[in-house]
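Dear colleague,

I am passing on the structure we spoke about, and my notes follow directly below it. Please read them with the structure open beside you.

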Amino acid sequence: MTDPVSTPPKPPESQNHWERRIETALWNSRFLVMLAVVPSLLGSLMLFIVGTVDIFKVVADVMGYYLLGGTQDIHESLVPDIIIAVDIYLIAIVLLIFGLGVYRLFVSRIDQAEASNLRHPFNVASLDQLKDKIARVVILAVIIEFFRAVVDIRFATPLEAIYLALSVLALAAALYLMSLGHKGE
């Protein structure tokens, strides 16, 4: 029995009619990933729009407070609102990287991305590389979410402040270890 990986593919004229049809259907089934690509890109677009509208709301609130003498104090909500918008942007980036990465891996290379920069986040060579790039952005989103939670904390005891400091130290260590794994990139 011959190894199917080491034997060269048969030219279409040497295949029988049904074999050619089945293999064409199997090969074209890769377009099923478009059911993941298109919604991912649409979701990314929606999240970019939501994040941008949220930032414009923050800008309007700040302008109203300082320029128009608004009575609603913005100091309590300003930083959490911006952090939420950044978190939304990071999730949008995850969807964008996922959609374009899956397209590149299963459907076709993206010539413009490869011509501009091979190290671009959209240029992935394997599923492992795609998972790695997505994981990095997800970790950043988790860190941003942690930061948002920390902004609202009011300490009741000194021990709670120590727990917070240890949590921040653990996050810093995780970021450092992540950067060690990607020094060559």
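Leaving out neighbours up to four places away in sequence, Leu-41 is in contact with Leu-96, Gly-99 and Leu-100. Leu-41 itself belongs to helix H2, and with a relative accessibility of 30% it counts as partly exposed. The C-alpha atoms of Leu-41 and Leu-100 are 8.0 Å apart in space, although 59 residues separate the two in sequence. Please keep in mind, here and in everything that follows, that this is a predicted model.

Leu-35 also has its place in helix H2, but at 67% relative accessibility this leucine counts as exposed.

The C-alpha trace spans about 80 × 40 × 30 Å along its principal axes. Where contacts are made between residues at least 6 apart in sequence, 63% of them join residues at least 24 apart. On the side of charge, there are 14 positive and 18 negative side chains, and the centres of these two sets lie 10 Å apart.

The aromatic residues deserve a paragraph of their own. A pair of aromatic rings is described by the distance of the centres and the angle of the planes. With ring centres required to lie within 6.5 Å, the count comes to two aromatic pairs. In one of them, the rings of Phe-48 and Tyr-89 have their centres 6.0 Å apart and their planes at 35 degrees, so this pair is tilted. That pair links distant parts of the chain, since Phe-48 sits in helix H2 (residues 34–67) and Tyr-89 in helix H3 (residues 78–106), 41 residues apart. Both partners fall between the limits for buried and exposed: Phe-48 is partly exposed, with a relative accessible area of 28%, and Tyr-89 is partly exposed as well, with 23%. Tyr-65 and Tyr-66 form another pair, in which the ring centres are 4.9 Å apart and the planes stand at 85 degrees, so that it counts as edge-to-face. Within this pair Tyr-65 is partly exposed at 23% relative accessibility, while Tyr-66, at 53%, counts as exposed.

Not counting residues up to four places away in sequence, Gly-101 touches Phe-122, Val-124 and Leu-130. Lys-133 is 32 residues from Gly-101 in sequence, and the C-alpha atoms of the two are 9.6 Å apart in space. Asp-87, likewise in helix H3, has a relative accessibility of 11% and so counts as buried too. With residues up to four places away in sequence again set aside, Asp-87 touches Ala-141, Ile-144 and Glu-145.

Finally, a word on Gln-129, which has its place in helix H5 (residues 127–151). This glutamine is partly exposed, with a relative accessible area of 29%, and, not counting residues up to four places away in sequence, Gln-129 touches Asn-123 and Val-124. Val-124 is also among the residues that Gly-101 touches. Gln-129 and Thr-52, by contrast, are 29 Å apart in space, C-alpha to C-alpha, and 77 residues apart in sequence.

Definitions and conventions. Residues numbered from 1 in each chain as written. Predicted model: local features only at pLDDT ≥ 70, side-chain atom pairs only at ≥ 80, totals over all residues. Heavy atoms only, no water. Contact = heavy atoms within 4.5 Å. Lys, Arg positive; Asp, Glu negative; His and termini not counted. Charge placed at Lys NZ, Arg CZ, Asp CG, Glu CD. Phe/Tyr/Trp six-rings, centres within 6.5 Å; stacked < 30°, edge-to-face > 60°. Helix = DSSP H or I, 4+ residues; strand = E, 2+ residues; numbered from the N terminus. Buried < 20%, exposed > 50% of the residue type's maximum accessible area, 1.4 Å probe, protein only.
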